[in-house]
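Have a look at it first.

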Amino acid sequence: MKQQNSSLAVPANALTLAIANPGALGTIDAYISAVNRLPVLTADQESALGRRLRDAGDLDAARELVLSHLRLVVSIARQYLGYGLPHADLIQEGNVGLMKAVKRFDPERGVRLVSFAVHWIKAEIHEYIVRNWRLVKVATTKAQRKLFFNLRSMRPDGKTLDTERVDEIARQLNVRPEDVSEMEVRLSGRDMALEAQDDDDESFAPIAYLSDEGRQEPTRVLERKAHDELQSTGLHDALEALDPRSRHIVQARWLQDDGGATLHELAQEYGISAERVRQIEAAALKKMRGSLQPA
């Protein structure tokens, strides 16, 4: 903007940098103040610059077209502050859309750049919001995107929609009622970490109850195989490694369906004290644990 730079509080090259990064001027307020002081092009100036860009690929003409419409991006981005995303980021994405519009602008169509650019600016801002509003995308199809950007304003009180209201919104937006209900659930939800954020044993995260027990994971297959072996051959071999008295005491105490014998009953059977039976039992169980340890 060779003839207009003198009217700016900051150099044009600083504003050019701000196209890619609104924070380059220090604060978002400084950026907005600067772009609002840029002169608006007349229809003749805009057409002349558009022809220079189209016919000769003049990048200076493209820069002037972009700079003169930065205030439009600021205005549009302000409409999307309710999504909780940084204003500077919304402006930055909108600037990308503006540059795409300038690249495709044809002055011979008789349409001002401001009308043509609105679509491209909103498209980039919409894409940014959908990507970043949540960790998990809430809208992927065209119908879902339409619902995402309209359903919030159609239920300003945030209350759950009844069937009649769902059908009404579906008719207005030309989508299925089930799509409206599904998007309402998505908008009402929130992000949740799959795993606990700390090492507290009492913390409870989705990973604790979302695992698929039926999945044939290799580690689970090996665990089940080892458990089955211990239940069959492992226990039998461990018992066979004991002397007859120790084996009988373990079987009488732990492997009976009726609850097993008491220490005193076994003491009377072998003519020894109950304490001696307990010692034999403890030694036998310790030996069995050693036999049952995986190799």
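What share of the contacts in the protein chain with a separation of 6 or more comes from residues 24 or more positions apart? That share is 57%, where contact means heavy atoms within 4.5 Å.

Some housekeeping: residues are numbered from 1 along each chain as its sequence is written. The model is predicted, so local features need pLDDT of at least 70 and side-chain atom pairs pLDDT 80 or more, while totals for chains, interfaces and linings use all residues, and side-chain values use heavy atoms, leaving out hydrogens and water.

The protein chain has 14 helices and zero strands (DSSP runs: H or I of at least four residues for helices, E of at least two for strands, numbered from the N terminus). Of its 295 residues, 34% are buried, meaning under 20% relative accessible area with a 1.4 Å probe, protein chains only.

Now zoom in on α12 and α14. Their axes (lines fitted to C-alpha atoms over the stretch in contact, with angles from 0 to 180 degrees between N-to-C directions) come within 9 Å and cross at roughly 95°. That makes α12 roughly perpendicular to α14, a label for angles of 65 to 115 degrees. Here is who meets whom:

| Helix | Residues in the contact |
|---|---|
| α12 | Arg245, Ser246, Ile249, Val250, Arg253, Trp254 |
| α14 | Arg276, Val277, Ile280, Glu281, Ala284, Leu285, Met288 |

By class, that contact has eight nonpolar, one polar and four charged residues. Buried in α12 are Ser246, Arg247, Ile249, Val250 and Ala252.

Terms used
Parallel < 35°, antiparallel > 145°, perpendicular 65-115°, else oblique. Nonpolar A, V, L, I, M, F, W, Y, C, P; charged D, E, K, R; others polar. Buried < 20%, exposed > 50% of the residue type's maximum accessible area, 1.4 Å probe, protein only.
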